[in-house]
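Let's take a walk through this model, from its sheets to its aromatic rings. Keep the viewer open as you read.

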Amino acid sequence: MDKLAIAAALQEIGTLLELKGGQYFKARAYKNGARSVAELTQDLGRLIRENRLTFVKGIGYAIAKQIEELYTAGESTFLKKLRAELPPGIIELANVPGLSVTKVDRLHQALGITTVEQLKAAAEAGKVRDVKGFGAKTEQRILESIASYKTHELRIHIHHALRAGGRILEYLQTTPGFIRGELAGSLRRSEETVSEIVVVAGAKLPKKLIEHFLRFPLVVRIEEKTPQYCTAVLSEGFKTTLLAVKPEEFPNVLLQATGSEAHLEKLNAIATKKNLKLTGRGLEKVGASKSKRVTRPIRIDSEAGIYRQLGMQYVPPELREDQGEVEAALAGSLPEDLITTDDIRGMVHCHTTYSDGKHSIEQMVHAAESMGMKYVTITDHSPTAFYAGGVKVDRLQLQWEEIERVQEQAKIKILKGTESDILKDGALDYPDWILEQFDVIVASIHSRYKMNEDQMTRRIVTAMQQPVFKIWGHALGRLIQKRPPFDCRVEEILDVIAESRAAIEINGDPYRLDMEPRWLREARKRKIKFVVSVDAHSMGALQNVEYGVGIARRGWVKRGEVLNTLGLKAFQKAVRPL
């Protein structure tokens, strides 16, 4: 059994344990283990032979034993036992609101139901009401729940979607005749959350891609299948659509599948004016022959080629939102130096065990160094953030001494910083004489989110007018799908920042991604500088830079507008408090 099949088995164990109840932490451990196995870059067989599985993060002794059994025997006695203890189809049926394990078992015993479609058919036929513990009203509620379940749109955070999409592409590459593949849809446009993972793949025999994908071990349900595309649900509940095409169709299908709809509508209008037509097969030249209209395909080998045929600059996916990018591309004024991850030279906004981080200063520094960074800022919480282990003045000196010790062994430059709370009155946490000694200050709001618009605006304006240079951290305080941005007059604050010693953080934490692209565009109009940060509370979270760059690109942010694309000395000079 290969690593993806093993990951699927571990995911199923975790889900079944969750459904069984009372074993939340054990269930979560198996799901984390599944993720660790799926993302392994080392040879799994070798890890097992050398008894090193438990060295992998997320894999403990018990899970390692399950992996060994799955790898050698191709099955798990523990999984077989769980399946026997729970009714067939429980994973799918448990997604219908109101259906407990007991009720699913009764439906299976009485009517042999194992899928949502079978349940829907039985309820519509009036058979469910006769099952013990149900009734006519319950039957009707089940039909309503199924309708709600089918229309409910699960939004997937970008980091989870990219991880799952990467696994799919990795698997598709093993298809005989596979040529190329890319993620598409709103995920390719770096939206904060997506409703599905869209993959476009090219092969000599596209039908083989579909067949191979449906054997992907993490696929738990097939929703639709044709010779050209299929839609399936993965074990994590993520909806996935694969568009399988011939190599010559790939550029146009990728363009169409990436969107957005508004962007594509404008491209179609431009094509029409040029006697061209964008179709599912590609770009075609429209002409007339006597009394009928004829089309001639134009061979295109890339998306850039399509834009060239339309007389436009290439539009990066993150800009395809009908926010002026089409007009700019026609005029040749689209920025060609949008920020990229390769441009980032320093990691900004890193937490350690001195506040609420998981790893030590030394670990965070070496992790940043291994990524090729030239500098890293240690910005633990300030004293007011007591709930996050804010660093009081007496411990601050200890932290600075430790930074000096770690610096002796590191090639990367460590900058002493803080994530200073913006207090109720707009003052920054720590006395001025301490603030002046930092190399960098990130100023953020962590409390009193419910202040009214006037109060919050005054609070932030006061903070931004403080004489020290500061970076406005996770500016509007949102937590995606959990907490909306707080109320304030953003443009008024941006006007103040433009005249003050301040920059704006583009926060790469995938649950924050703050501030939003529309406000980044407004900030750019005022020539405000930015920092793409990671807001990292662990070594792994340093990878957040990718998500921060994605949001920055959606805001049309250019390389020269981001301070941490600068070399060490220039960056130090730019962010020095005084």
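Before we start, one definition: a charge sits over a ring if NZ of Lys or CZ of Arg is within 6 Å of the ring centre and within 35 degrees of the ring normal. With that in hand, go to K103, whose charged end sits over the ring of F134, 5.9 Å from its centre. Another such case is R483: its charged end sits over the ring of Y449, 3.9 Å from the ring centre. Do keep in mind that this is a predicted model.

Now for the sheets. One of them is open and built from five strands, in the order β2-β4-β7-β6-β5, with mixed pairing. At its edges you'll find β2 (178–183) and β5 (219–225), each of which pairs on one side only. Going between neighbouring strands here, the average turn is 25°, direction ignored. Zoom in on β6 (residues 229–234) and β7 (residues 239–245): these two run antiparallel and are joined by five bridges. V233, for instance, has K239 in β7 as its bridge partner.

Two helices lie across this sheet. Helix α10 (residues 158–172) lies across β2, β4 (197–203), β6 and β7, and runs at about 20° to β4. Helix α12 (residues 206–213) lies across β2, β4, β5, β6 and β7, at about 155° to β7. While you're around here, look for the aromatic cluster formed by Y171, F213 and F216.

Is N507 buried or exposed? Its relative accessibility is 0%, so N507 counts as buried, the cut-off for buried being under 20%. Leaving aside residues up to four places away in sequence, N507 touches H349, H474, R512, L513, D514, S533 and D535. A polar atom of the N507 side chain also lies 2.9 Å from the backbone nitrogen of D509.

Finally, the rings. The structure holds 10 aromatic pairs. One of them is Y24 with F25, edge-to-face at 5.1 Å centre to centre, with 75° between the planes. Y24 counts as partly exposed because its relative accessibility is 47%, while F25, at 61%, is exposed. W400 and F438 also make an edge-to-face pair, 5.6 Å centre to centre and with 90° between the planes. This pair links distant parts of the chain: W400 is in helix α18 (residues 393–409), and F438 is in the loop between α19 (432–435) and β14, 38 residues apart. Both W400 and F438 are buried.

Notes: Residues are numbered from 1 along each chain as its sequence is written. This is a predicted model: local features need pLDDT of at least 70, side-chain atom pairs count only at pLDDT 80 or more; totals for chains, interfaces and linings use all residues. Side-chain values use heavy atoms; hydrogens and water are left out. Two strands pair if DSSP finds at least two bridges between them. Helices (H or I, at least four residues) and strands (E, at least two) are DSSP runs, numbered from the N terminus. Axes are lines fitted to C-alpha atoms, for helices over the stretch in contact, and angles run from 0 to 180 degrees between N-to-C directions. Contact means heavy atoms within 4.5 Å. Buried means under 20% relative accessible area, exposed over 50%, partly exposed in between (1.4 Å probe, protein chains only). A polar contact is a pair of N or O atoms within 3.5 Å; within protein, one must be able to donate a hydrogen and the other to accept it, and residues adjacent in sequence count only if both atoms are side-chain atoms. Rings of Phe, Tyr and Trp (its six-membered ring) pair if their centres lie within 6.5 Å; planes under 30 degrees apart count as stacked, over 60 as edge-to-face and the rest as tilted.
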